[in-house]
Amino acid sequence: MILVTGGAGFIGANFVLDWIANSDEPVVNLDKLTYAGNLETLASLKGNPKHIFVQGDIGDSALVDRLLAEHKPRAVVNFAAESHVDRSIHGPEDFVQTNVLGTFRLLESVRGFWSALPAEQKSAFRFLHVSTDEVYGSLSKTDPAFTEENKYEPNSPYSASKAASDHLVRAWHHTYGLPVLTTNCSNNYGPFHFPEKLIPLMIVNALAGKNLPVYGDGMQVRDWLYVKDHCSAIRRVLEAGKLGETYNVGGWNEKPNIEIVNTVCALLDELRPRNDGKPYKEQITYVTDRPGHDRRYAIDARKLEAELGWKPAETFDTGIRKTVEWYLANSEWVRNVQSGAYREWVEKQYDNSTKAAA
Ligand code: NAD
Ligand code: DAU
């Protein structure tokens, strides 16, 4: 049994779906179901005894203590976080609450549980913390990609809160010996991505005939990784990562934002042409830049490849095509996110036994 937190969000849900498809080991999935948590994403697991969903907060120590005592997981994988940079600029408090205080409380609960385990289970236990490349700050055009040795220079409230959580995880290893692993990944994309982030926003806005808002000059660079590749990297680090180490995860796919938007437009022109025959890129609109916008991120993933033999399976070309095709084939999921109907999914689709544990 493993405990996954934030497993109703974009990456966490992809991780849970892949885990259950590839393993017999059950998952307890603890998620607060903020606006970003969507149980409709996990609809295919309805009635599956390998998935136990619990609605709750990683900062609710009594709940987390109870779940740990009841299910005795051999590992905790922590995805739970506030994840959107723009939201962190408008309202940073939730980011401090969940990413900093929540991670602290989760670490304390896990430490209490882990300390009391019998020796063999204690040494096999793992706490894997899922983090981001944004903790390293911004690169210039010519800087080498981030390695695990780069110093932390977070620039947004989001990245500062993630950096703080990484430091707590590190300290809980150094001070208490908690068996932790940390992954720092670049920008993910793929199925079930909430349409507030660049790629899904561009797809859904394009199809709805709306503007495609590109911040500033559109020349900020991100390093894109297909979400399933991030999930396989986490599985590999959980399986074979060295305790206390951090691993950068990335796909060697640096692209300026405007190129991403043009690629999405071109794929839509091919797969779902506009009724008027005009190209989707006509909808691109340059808008005011994000304050403090980091110019470039790039991940050097050689450590993960050399030490643990991980490599991404998708190129950007294959991954982005799959992603656009997924959004075209899953218009109901998109509609329910946009209308807010996904928030009722828990009442509609989950019976009391799956929700109840909370
Ligand atoms: P997301 O916003 O889609 O999902 C976050 C999930 O966490 C949601 O289901 C939400 O309900 C849940 N959650 C929030 N606060 C909680 C709390 N207090 N207790 C329990 N659950 C809570 O985020 P994502 O994009 O899936 O990111 C997952 C993790 O990966 C985050 O830690 C993020 O920092 C990290 N990350 C994301 C990316 C990316 O490109 N999306 C890249 C690198 C790292
Ligand atoms: O690098 C990893 C990070 O990637 C994760 O830690 C974050 O959780 C995740 O949200 C993502 O952060 P970004 O800020 O890079 O992602 P976002 O999709 O918000 O923006 C990607 C780029 O596109 C960024 O340079 C801002 C720009 N952008 C974004 C939006 C939403 C636009 O130009 N227009 C937009 O409408």
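1. Ground rules. Residues are numbered from 1 along each chain as its sequence is written, and chains are lettered from A and ligands numbered from 1 in the order in which they are written. In this predicted model local features need pLDDT of at least 70, side-chain atom pairs count only at pLDDT 80 or more, and totals for chains, interfaces and linings use all residues, while side-chain values use heavy atoms, with hydrogens and water left out.

2. Shell of ligand 1. Ligand 1 is surrounded by 28 residues (a residue counts if one of its heavy atoms lies within 4 Å). Ile-11, Asp-31, Ser-83, Tyr-158 and Lys-162 are the closest. The shell holds 12 nonpolar, 12 polar and four charged residues. Here Ala, Val, Leu, Ile, Met, Phe, Trp, Tyr, Cys and Pro count as nonpolar, Asp, Glu, Lys and Arg as charged, and the others, Gly among them, as polar.

3. Polar atoms at ligand 1. A nitrogen atom of ligand 1 is 3.0 Å from a polar backbone atom of Lys-32. A polar side-chain atom of Asp-57 is 2.9 Å from a nitrogen atom of the ligand. The side chain of Tyr-158 places an N or O atom 2.6 Å from an oxygen atom of ligand 1. The protein buries 97% of the 830 Å² that ligand 1 exposes when taken alone (Shrake-Rupley method, 1.4 Å probe).

4. Elements around ligand 1. Two or more shell residues come from each of α1 (10-22), β5 (126-132), α6 (157-176) and β7 (187-189). β5 gives the most, with three residues. Helices (H or I, at least four residues) and strands (E, at least two) are DSSP runs, numbered from the N terminus.

5. Shell of ligand 2. This ligand has 24 residues around it. The closest are Thr-132, Asp-133, Tyr-158, Arg-290 and His-293. By class, 10 are nonpolar, eight polar and six charged. α7 (198-207) and β8 (212-215) each supply at least two of the shell residues.

6. Polar atoms at ligand 2. Oxygen atoms of ligand 2 lie 2.7 Å from an N or O atom in the side chain of Thr-132 and 2.6 Å from one in the side chain of Tyr-158. For Arg-222, a polar side-chain atom is 2.9 Å from an oxygen atom of the ligand. The protein covers 94% of the 690 Å² of accessible area that ligand 2 has on its own.

7. A loop residue. Asn-330 sits in the loop between α11 (316-329) and α12 (331-339). Is Asn-330 buried or partly exposed? Asn-330 is partly exposed, because its relative accessible area is 25% (buried is under 20%, exposed over 50%, partly exposed in between; 1.4 Å probe, protein chains only). Its C-alpha atom is 35 Å from that of Ala-240, 90 residues apart along the chain.

Terms used. Polar contact = N/O pair within 3.5 Å; in protein donor to acceptor, adjacent residues only side chain to side chain.
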